[in-house]
Structures are given as structure tokens and as C-alpha cells.
Amino acid sequence: MTEETALDAAVQALATALRARGWTMATAESCTGGMIAAACTSLAGSSDWFERGFVTYSNLAKTELLGVDAKLIAEHGAVSEEVVRAMVRGAWQRAGVDIAVAVTGIAGPGGAVPGKPVGTVWLGWGGAWGVTAVRLQLTGDRGEVRRATMMEALRRLTAAAQEPVLDAGAAPDVPPLRALLCGDFDPGEEAQWREALALAAPQARWLSLDEARASPGAVQAALVANPPPGSLQGLPGLRLIQSLWAGVDRLLADTSLPAGVPVARMVDPAMNAAMAETALWATLALQRGYFAYARQQRESLWRTHAQRRAQDLQVLVLGQGQMGTAAAAALARQGLRVRGWRRDGTPLVPLLATSDVVINLLPLTAATRGLIDAAFLAALPRGAGLVNLARGAHVVDADLLAALDSGHLGHAVLDVFHTEPLPVGHPFWQHPRVTVLPHAAAFTDPRSAAQIAVANVQAALRGETPAHLVERGRGY
């Protein structure tokens, strides 16, 4: 079969699948430059099922044509899962179609960066039931990358149009999704999740632990927030364990966790933005000496301090995942000098020696537990600040208190602790150089996270690879 014949067959298969369902579609294309739309509209009668194509060569076009938040592009880059998902949602909403597809990638050498070489493409598709996104790494020259992307998009769209959707809105004969919802929720929190999930998948059933135990074979997925140990055993139909929280260390610590079931962590751009805001607030307060002024207020002391400019401060962000990247971008936009560190990167000690503020956003693993100890703190310049927004177990409390008492460490902003709530009488509560937050740096917001969780479950049940799967051996 020639390349042209294969393309014609792929377009015809998509047209047949969409017509059979009575669906219309839209495209949002970047690196492919409208090639998918051109292929679809080359077929006679395409106006029956093809509604509109958006071509977004620039980031500004993504914002103007599709409503993609410019901050999202700045934080994650145009070639990213977050942006392709936003492109799908924008095309779907603005064209008023049943299904939309979006592509953003690097087809030529001009856009290549470390970690995203030529041929890196994010492909996304979805509709009212949610969005699925996959990363492709294609080979060949610019033309070959674009053609391969187009063929893969046509194939994925055809498969999606032939599969039942989980909300059963377009396929009422399909049994609704049955998923377990359980965890360590605050008062009223579970009700918020149930309300948000009901909006994300109206026909789904979100089972309590008791209900799941009553009919374990019917449970297809589990949405969890630190569930009781052993609660996920004995569910033979379980296809995905979706954490509703970004951290999964306590979930993975459950030795009864089913070994063969994939685990996904929550990655929500709204939570990333909230964490970045907290990191920025803490850093600016350290830069301008506002915590020192707060201490003076308690003593009725009127005294000004030297005012440092943003560019005078060197900030080190530990952790280069979603949250670390978002925090670093927010700090850099403020004019601060920012460096990032991951465990497999530059040796840490030289970076500590020239860092005025250290922000910890590392995952908690065996290798990072107790990382912030006496040696770590001694490597910092005198008067430096520490902002821990990750896990309390990253810090050796006695070593941190000693560094604060000696004056070597200027101030610590702590959002997480070994024991939570922080016990009454703990030295951190009353220490003049510690600011205590009640694990409030960034909450999971059910309004956005429910959509993300449902879309990931749908991808798993379609046989696709869910987003943000955890590598159990690494701990995140």
C-alpha cells in the first residue's frame, strides 16, 4: 500500500466511524500545520463530520484561538501534556463538536531542547467525557515526523469514535463506570469530591469502601487519598489506582497495594499554580525581610532593614517535577535568579553554598528522607532561608532547630511535618525564626482534579497508558 493510499484509507475509516455515531470533529494543530484538517477535508462529504480546524503556529495563536492560558504555556512549554490538553478543550468548546484532536510538537531542529528532541510530539483528543494525551517520539526528517503524526492522530481518533464513552451519554447501552472513592478526607471534603465527580462523569457510580466490598468484581478503578491500608485488596477488576493527591509516598508504603495495578499521581495545573504562588510569597517575604518585621511588630520595635532587589537573591528549587518547574518559572518571572536541582543532576553542595533561599519540592523517597540535615544546612551561607513545601520527613528537625538557634539559618517556612497536625508544644510553634503553615501550600481542587482523574480512568479502560504513572521502584 502506498503512502497516499494508506492516508486515504485512514481518513475514510475515521469518516465512517464518525458518521456512524453522528459525531462532528475539530482539529487544533501546531507542528503539523493543518495537515490533519487538510487530509480530512480532502474527502468528499467531509462537511458531514468535519466542523473546523485551528492552526496555531505561535503561542499567541494558541491563546487567542483556543483560549490556552499563556501562564500554562510559560510554565510547561508549548510542547507539553498540559498545553495539548488545553488545546483539545479549547477546540472542542469553541467549535461545538463531539470530539476534538490537538497536536503540538517539534518537527524541525529549531525547536529542539534537552529532553525534547526533534520528533517529540504531544497528541491529545477528547470530548465531553474528558481528554486523553500521549507523547510520541518519532524519527525522520520534518516531513516524516509530520506525516507520522497525522497518521497516528487519524488512527487514535478512529479508535476513540468506535469506543463507548464512560459517561454513557452517547452510548446508553454501556454500563456506567463503577469506581471506589476512599481516603483520609477532611470534614466535608469527600462530599466536594463526589459533587465534582458527578459533574465530570454523570453516569458513573462512586462507591464507598463498604459498597466496593459488597461487589468487588464490579470495581474498575480506585480514586484514593491515602486510603486505609489493605483497602485496595480483593478487587479483581481494578484497572487503575488514581491518587487524588500529588504525593504518593504514603500510598506506596502500603505493602498490600495490588502489585499488578498501575498507580497514577495527580498532576493538576491548578495545584501547580497554587504551589508556585506559595513558593513566590515565601521567597519574596524572605527577600524583603518581612518575617523579621513580623517579629519586630510583636516587640513594638520600629527598625528598617536593607532592601534587597529581586536580582540580588539566588534561589535554589529542589525538585524539577511539575510543581518544581512551575515554582521556578514563577520566581524567574519575578526577576529572581533561580536554579533547579534533581537527584541525578549537579552535585548539591556547590549549589547550596551560593543559595540565599532553598525551596524543597522533592518527592519523598528512601534517598531523599532526611536530606535536609546538619551537613546540608551548614553548606548554606549564613542567614539563608529554607522553604519546605514537600514532606516533613525530608528534614531532620533537631538539625534544623540547631541551625536556627545558632543564627546560621535566617528563617524557615515549613508547611509539612513529621507528624501532622504539628503537636502542641513542638518547638517549631513558638520559634521566632519559623513560620508554620498547616499543610496549606497547595490543595487539590476537586473542581479541576475530578476532570483529570476521570479522564485518566477512561484512558486506562480504553487500554491506553494513563498519564503520570508512578514508578514504584523510584517512589514517584
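With which residue does Glu152 form a salt bridge, the closest N and O atoms being 2.8 Å apart? In this predicted model, the partner at that distance is Arg156.

**Salt bridges**

Glu152 and Arg156 both belong to helix α6, where they are four residues apart, so about one helical turn separates them. Glu152 also forms a salt bridge with Arg155, and here the closest N and O atoms are 2.6 Å apart. Arg155 and Glu152 are three residues apart in helix α6 (residues 142-162), again a separation of about one helical turn.

Glu152 has a relative accessible area of 18% and is buried. Arg156 is also buried, with a relative accessible area of 19%; the cut-off for buried is under 20%. Arg155, at 47% relative accessibility, counts as partly exposed.

A further salt bridge joins Arg333 to Glu75, with the closest N and O atoms 3.8 Å apart. Arg333 lies in helix α12 (residues 322-333) and Glu75 in helix α4 (residues 70-76), so this pair ties together parts that are 258 residues apart in sequence. Arg333 is partly exposed, at 48% relative accessibility, whereas Glu75 is buried, at 9%. The count for the model comes to ten salt bridges, and the table lists three of them.

| Salt bridge | Closest N and O atoms |
|---|---|
| Arg155 and Glu152 | 2.6 Å |
| Glu152 and Arg156 | 2.8 Å |
| Arg333 and Glu75 | 3.8 Å |

As a general point, side chains of opposite charge can pair when their charged atoms come close.

In soluble globular proteins, nonpolar side chains tend to be buried together. Here the largest nonpolar core has 52 residues, and Trp206, Leu244 and Ile359 are those with the most contacts inside it. Several helices and strands each supply at least two residues of this core: the strands are β6 (178-183), β8 (221-225), β11 (314-318) and β13 (357-360), and the helices are α7 (189-200), α10 (269-288), α12 and α17 (446-461). The largest share, eight residues, comes from α10.

What is Ile359 in contact with, leaving aside its neighbours within four places in sequence? Its contacts are Ala279, Thr283, Val315, Leu316, Val317, Leu318, Leu331, Val387 and Leu389.

**Cysteines**

How many disulfides does the count come to? The count is zero. Among the cysteines, Cys40 is buried, with a relative accessible area of 0%. Cys182 likewise counts as buried, at 7% relative accessibility.

**Packing of α3 and α5**

Helix α3 (residues 59-66) and helix α5 (residues 81-95) pack with their axes 9 Å apart and at an angle of about 35°. The crossing of α3 past α5 is left-handed. On the α3 side, Lys62, Glu64, Leu65 and Leu66 take part in the meeting of the two helices. Their counterparts in α5 are Val83, Met87, Gly90, Ala91 and Arg94.

Key: Residues are numbered from 1 along each chain as its sequence is written. This is a predicted model: local features need pLDDT of at least 70, side-chain atom pairs count only at pLDDT 80 or more; totals for chains, interfaces and linings use all residues. Side-chain values use heavy atoms; hydrogens and water are left out. A salt bridge is a side-chain nitrogen of Lys or Arg within 4 Å of a carboxyl oxygen of Asp or Glu. Buried means under 20% relative accessible area, exposed over 50%, partly exposed in between (1.4 Å probe, protein chains only). A nonpolar core is a set of buried Ala, Val, Leu, Ile, Met, Phe, Trp, Tyr and Cys residues joined through side-chain atoms within 4.5 Å. Contact means heavy atoms within 4.5 Å. A disulfide is a pair of cysteine sulfur atoms within 2.5 Å. Axes are lines fitted to C-alpha atoms, for helices over the stretch in contact, and angles run from 0 to 180 degrees between N-to-C directions. A crossing is left-handed if the near helix is turned anticlockwise from the far one by less than a right angle, and right-handed if clockwise.
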